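Dear colleague,

I am passing on the structure we spoke about, and below it I have set out what was found when going through it. Please read the notes with the structure open beside them.

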Amino acid sequence: MSDADSAYAYAYERLADQLAEQVRNGTLRPGERIPSVRRMGEHHGVSVTTVLQAYRKLEALRLVEAKPKSGFYVLPERAYRVPPPRVSTPGKAPTLVTTTDLMDTIVAASTDPDAVPLGAALPDPALLPLRALSRSMGAVLRRDVASGHAYGSPSGVPELRREIAKREWHTGRTAAPEDVLVTCGAAEAVSLAIRATTEAGDVVAVESPAFFGTLQAIEGLGRRALEIPTCPVDGIDVDALEHALGRHRVGACIVTPNFHNPLGSLMPEVEKERLVGIACERGIPLIEDDAFGELYFDQPPPSLRSWDEDGTVVRIGSFSKTLAPGYRVGWILPGSRHMTAVHRQKLASTVATATPPQLAIADYLTGGGYDKHLRKLRRLLRDNVGRLRAEVAARFPDGTRLSRPRGGFLLWVRLPDGVDALELHAKALAAGISISPGPIFSPSGAFRSFVRLSAGHPWSERTEDAVDRLAAMVGSAMV
Ligand SMILES: Cc1ncc(COP(=O)(O)O)c(C=O)c1O
């Protein structure tokens with residue numbers, strides 16, 4: 001393909017993608033025969049071989065099947081009939097986070113390099129531009145050996161702050177470099193945001209379920225968590241949050257409106273606007289953790305900052321899910337109200353983020369390949385999520401419920417009644433498969449019937465076999 005900026009290396013990939021979209025959005029219906037290879041080729045002005053490659057890819061994605069001497073048909077898609085899990089129903093009182101020991105044990109287990117990696121929320125190294133980043137790292141260190149010597153500015157290196165600010169444009173609201181502080185990953189940014197906006201003993205409202213790292217931070221900082229009912233499709237229930245704010249003194253609220261971990265949910269724009277309105281009206285800091293925001297499947301989602309008129313939103317991002325988790329680079333836009341406090345906390349926390357990884361990422365971003373990389377990554381992850389959903393839907397027993405992520409690469413699975421996620425986790429790990437059990441996403445160990453699966457790795461026979469074995473374990477746990 002001549003267009004150097006295209007996310008598609010081959011014409012068949014573009015065609016397969018267009019057809020997959022038509023299957024997913026229902027233009028091509030289950031059971032329908034898709035046009036013959038010859039007709040499709042004539043229609044798109046591509047060769048029969050190209051069309052055949054596209055159809056084979058759709059077969060591999062379990063979207064169509066070939067029938068001998070008849071053609072290709074859209075598969076009756078069980079994955080689309082498996083319902084999503086229901087809105088969560090957490091307890092109504094603030095609670096201490098009591099699950100951090102469990103989290104530590106499980107997170108340590110999920111890094112076993114020999115296990116099939118359905119547990120950790122990390123993209124496969126093969127999907128990340130690690131070589132290009134290494135070249136950038138080499139170049140910046142050759143250019144400026146001293147960059148490894150001095151402490152940098154607590155706010156981060158100017159080159160990177162500028163690049164991050166430029167990218168904010170995609171999220172519906174521009175930013176200036178001075179609005180950005182570079183952090184040691186989103187993890188540090190979350191911790192700075194909590195410390196800057198609340199005090200020990202305060203209540204922090206969180207989604208239910210919530211990313212376990214955030215819960216660990218709440219526990220470590222001596223705050224309490226107030227879980228708010230959350231929908232696996234549309235995110236936090238804004239009415240429930242408003243109700244809870246009327247009953248409890250809440251110091252801050254942390255949400256992941258875009259492709260939530262573990263739900264994959266995406267808040268509708270009207271709900272985002274309402275959420276920001278409520279936070280602004282009540283003067284409650286609203287921390288937006290957007291670690292997955294760049295990994296959308298269709299449209300870039302607007303950030304909560306788009307509706308923020310008075311600096312109430314504290315926005316957080318990261319390069320961990322798109323570039324290199326090991327570089328530990330994220331950022332925070334504290335908003336006008338919290339800028340001074342966050343800056344002070346950063347100084348007290350790590351003084352400054354390590355300079356060489358910041359410079360390397362800035363060099364890579366200014367090189368211009370990031371958007372192309374992201375387009376490809378989004379497409380691969382969307383295919384992987386589709387494939388994993390289809391396999392789980394086809395193999396897991398009736399009674400299973402499955403999230404429908406609109407971005408990211410995580411699946412939230414409600415197991416059939418009677419199956420315990422912690423027991424399944426232990427059994428799967430003993431069989432060389434890592435998964436994340438639901439209780440680590442709750443301050444009180446709820447979600448015992450849920451697991452999170454990661455589709456961050458290229459599909460392989462090993463993954464397919466692991467899903468098959470997991471399904472058998474789930475089936476045998478039911479009886
Ligand atoms: C929602 C969310 N926030 C923050 C983080 C931490 O990211 P980082 O590696 O940038 O510290 C993660 C990592 O999984 C995450 O899923």
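In α1, the residues Glu13, Leu15, Ala16, Asp17, Leu19, Ala20 and Val23 are buried. Please bear in mind throughout that this is a predicted model. The cover over the buried residues of α1 includes α2 (37-44), α3 (48-60), β2 (71-74) and α14 (370-395). As to its length, helix α1 runs over residues 11-24, and at 1.5 Å a residue its 14 residues should span 20 Å, which agrees with the 20 Å found between its end C-alpha atoms. After α1 comes Gly26, and the phi of this glycine is positive, near 85°.

**Domains**

The chain is divided into domain 1 (5-76), domain 2 (128-366) and domain 3 (372-477). Taken over C-alpha atoms, the centres of domain 1 and domain 2 are separated by 39 Å.

**A buried glutamate**

Glu227 belongs to strand β6, which covers residues 224-231. Which side chain of opposite charge is nearest to Glu227, and how far away is it? It is Lys92, at 11 Å, and Glu227 is buried yet has no salt bridge; a salt bridge would require a side-chain nitrogen of Lys or Arg within 4 Å of a carboxyl oxygen. Leaving aside residues up to four places away in sequence, Glu227 touches Pro90, Gly91 and Thr95, then Val206 and Ser208, and also Ser442, Pro443 and Ser444.

**The four-stranded sheet**

Four strands, in the order β12-β13-β16-β15, make up an open sheet with antiparallel pairing. The edges are taken by β12 (401-402) and β15 (436-437), each of which has a single partner strand, so one side of each is left without a neighbour in the sheet. Strand β13 (residues 410-414) pairs with strand β16 (residues 450-454) in the antiparallel sense, over five bridges, and in this pairing Val413 stands opposite Val451 of β16.

**The end of the chain**

Val479 is found in the segment that follows α16 (461-478). Is Val479 buried or exposed? Its relative accessible area is 88%, so Val479 counts as exposed, the cut-off for that being over 50%. Val479 and Arg224 lie 255 residues apart along the chain, and 38 Å separate their C-alpha atoms.

Definitions and conventions:
Residues are numbered from 1 along each chain as its sequence is written. This is a predicted model: local features need pLDDT of at least 70, side-chain atom pairs count only at pLDDT 80 or more; totals for chains, interfaces and linings use all residues. Side-chain values use heavy atoms; hydrogens and water are left out. Helices (H or I, at least four residues) and strands (E, at least two) are DSSP runs, numbered from the N terminus. Buried means under 20% relative accessible area, exposed over 50%, partly exposed in between (1.4 Å probe, protein chains only). Lys and Arg count as positive and Asp and Glu as negative; His and the chain ends are not counted. Contact means heavy atoms within 4.5 Å. Domain bounds come from an automatic or database domain assignment. The expected span of a helix is 1.5 Å times one less than its number of residues. Two strands pair if DSSP finds at least two bridges between them.
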